[in-house]
Amino acid sequence: MRKTDIEKHVRGESQFIDDINVPEGTLYAAAFDSKIAHGEILNINVDEAKSIFGVRAILTSKDIPGINQVGGIIPDETLFAEGEVHFVGEPIGIVVADSYDIARKAVNKIKIDYEKLPAVFDPREAFEKGELIMPPRIFSFGNVDEIWDKCDIIVEGKVETGGQEHIYLETQGSVAIPEEGGKIKLISATQSPTTVQRTVARILGVEMNNIEVDVLRLGGAFGGKEDQATHWAAMAALAAHKLNKPVKLVLSRMDDIRMTGKRHPYSSDYKIGLTSEGKILAFEATYFQNAGAFADLSPAILDRTLFHATNSYYIPNVKTTGISCKTNLPPNTAFRGFGGPQGKFVIEAAIYKAAEKMGMDASEIQRKNLLKDDKTFYYGQLVENSYAEKCWTKAEEKYDLKKLKQEVEDFNRKNYQFKKGIAVMPICFGISFTNTFLNQASALVHVYTDGSIGVSTAAVEMGQGVNEKIKIVVSRTFSVSQERIRIETTNTTRVANTSATAASSGADLNGNAAILACKNILDRLLKVAAEELKVSDTSELEIRNEVLYNQGIKTNLIWDELIKLAYIKRINLSSQASYATPNINFDREKNTGSPFAYHVYGTGITTVTVDCLRGTYTIDSVKVVHDFGKSLNPVIDIGQVEGGIAQGIGWLTVEEVSHSDEGKLLSNSLSTYKIPDIYSAAKEVEVSFLEDTENQYGPFNSKAIGEPPLMYGISAYFAILNAMKAFRPEKDFEISAPLTPEKVLMNLYN
Ligand code: LUZ
Ligand code: MOS
């Protein structure tokens, strides 16, 4: 894979927070946190901790000079607990010491007395008690209440999906360096430099221009650093501000898993109504989102659940209710798909159960109800360029779905202990932040006098290859070699007021901003060239591979000379440009509008084999036809699809977040939380490109890639269920993810 960073990664030269050469005199911070799920802090005794040699300070909420508040959407979350604690792992303060080991040692000597209060961990129980993050959200379309009588089949049921730990390779961390005049420079592993800047300014009680945030790259994020990198940066900044020393704070893996939020578990109710031919007439669902103790991004995540409630299907009557429930767990947060996967899983479960009742194959119902152009999504957006049917048809033909199904049937007829299952998953994912105002980005491009180019944008590189994509876009816009281009760090003093690199839209938004900035410079360069070549009109001029062409004919003027010439003529060789996605809107009162620039489509087919004696299973193959648009870099994009599939399968199969009755995380390390390994990954993954797709919103007609492929993983769940069904055809299996081998076994034999 050719990617900007790849050689440095392979050599171990790439720098992450923990690799940065920190200044002399740097201190180390470690957080101490609540050991109970809910209660009042009666007393904090730091005497013994303070007496340890090398401990410089112990800071709590009382030491915050500004406002003790880190909530983004709703201001309901303190940086350090004040009086009350709401989950095991809630930060109460930090120890700052000469070394990391001393800080850790001191943390363990801090004694806190609590008075326990009742705690809630189940979202439905929280709902009953009225513990909500915000009032319920309702989307509705057509009229479900009037249509049930006209349905031949109605199925109702309950669906559970579990949490998911991000397991980014690099844990959360930050280095804060105090500079002259009260300024603080932060190096942070964040997806959202501006969120860190804004929040740290609030905590310290200073204006945002006192805080500079710089991001080189992250060792993965998956949404876990969209909002929750902020806390650790704020703690380091507070310590640096108080002690006037550089401070480094990096979480150990176990602290990271224990203290940070995960994908939201959901418990949902659905009701689906169909004709006897399998046309879906109505769908109603209520989603109980387990938000944890504070809002974090939960409201936005719940919105995305509602937007994706009908997946790739056109359903004329829909009503969905989203309820964000407050529980005594760490605040759950963004995770690849951002509530979309939870929504899609429910409609797929409903279709599965309806098909079971009708004695049909679920894929027949799926196929019959795919979105067509000129229909509307149930939130009011017109369906345009729907590739739902195209992807399905191509997958059906290319992979010979009929034959695959036949092979499964033949296998199951001949085998007793082992059963195979197959399932299809069409996907449709909306691209744009659902909060319209976030869909903006900017870029700052400098062309230096030697012809080399420096590009800064709001995009954060986290392994997804966004820097490579921006490099490609700049290289194509100027028509110069990629070797000339450096993608700079993401920095709030060079590119201000940024949105998180999230919502799969980093390359779209920042690539488009970079194109605009490059075009500004290019326009000026062509004027210089016109003068030099004595041409009256720049429209006949273009640069091809670093050489000026006039009316399609090569001239002697090359890139290096042109840049020198422009500089001598005192022409501005820098440009800043901003991009805002056009034509998007959403009315948050009526819950209708066109929130997405476009949608990404695809179809995946998963085949599995279940050992019905042991409950274990293998994912035999995942075969996908995906709509990439005109991919900027097919190798990166295929990598995203493969990674997404593995992560999606992991979420629904082996990854199980579990807590004790007291709300203490039991799956707190990689020995107790299983993530997909070489054995649980699909034995075969085939990805093919849907041809002839277009997308005016992506740079050079490309399409966003990050999140959508995760949802192919949903077919692994239903493929396993189909194999179980082949073993126990009469059984009505519950729909409760993750479907761990233990759960498969229990369900096969009870
Ligand atoms: N973040 C966000 C996201 O703030 N809004 C979104 O719509 C979104 N979607 C996916 C991932 N992160
Ligand atoms: Mo995200 S779930 O940070 O796109």
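Helix 18 (residues 714-727) and helix 19 (residues 741-749) bring their axes within 10 Å of each other, crossing at roughly 30°. Angles under 35 degrees count as roughly parallel, so helix 18 is roughly parallel to helix 19. Keep in mind that this is a predicted model.

- Helix 18 and helix 19 cross with a right-handed sense.
- Pro-738 sits in the loop that runs between strand 30 (735-736) and helix 19.
- The peptide bond joining Ala-737 and Pro-738 is cis, with omega at about 5°.

**Another backbone spot to look at**
- Asp-296 isn't a glycine, yet its phi is positive, at about 45°.
- You'll find Asp-296 in the loop between strand 14 (280-292) and helix 9 (298-307).

**Around ligand 1**
- The residues surrounding ligand 1 are Glu-226, Arg-304, Phe-338, Phe-433, Thr-434, Leu-438, Ala-502, Ala-503 and Glu-707.
- In the side chain of Glu-226, an N or O atom is 2.6 Å from a nitrogen atom of ligand 1.
- Arg-304 has a polar side-chain atom 2.9 Å from a nitrogen atom of ligand 1.
- With Ala-503 it's the backbone that matters here: one of its N or O atoms lies 3.4 Å from a nitrogen atom of ligand 1.
- On its own, ligand 1 has 290 Å² of accessible area, and the protein covers 95% of that.

Definitions and conventions
Residues numbered from 1 in each chain as written. Chains lettered and ligands numbered in written order. Predicted model: local features only at pLDDT ≥ 70, side-chain atom pairs only at ≥ 80, totals over all residues. Heavy atoms only, no water. Near = heavy atom within 4 Å. Polar contact = N/O pair within 3.5 Å; in protein donor to acceptor, adjacent residues only side chain to side chain. Areas by Shrake-Rupley, 256 points an atom, 1.4 Å probe, with all protein chains shown as cover. Axes fitted to C-alpha atoms, helices over the stretch in contact; angles between N-to-C directions. Helix = DSSP H or I, 4+ residues; strand = E, 2+ residues; numbered from the N terminus. Parallel < 35°, antiparallel > 145°, perpendicular 65-115°, else oblique. Left-handed = near helix turned anticlockwise from the far one by under 90°.
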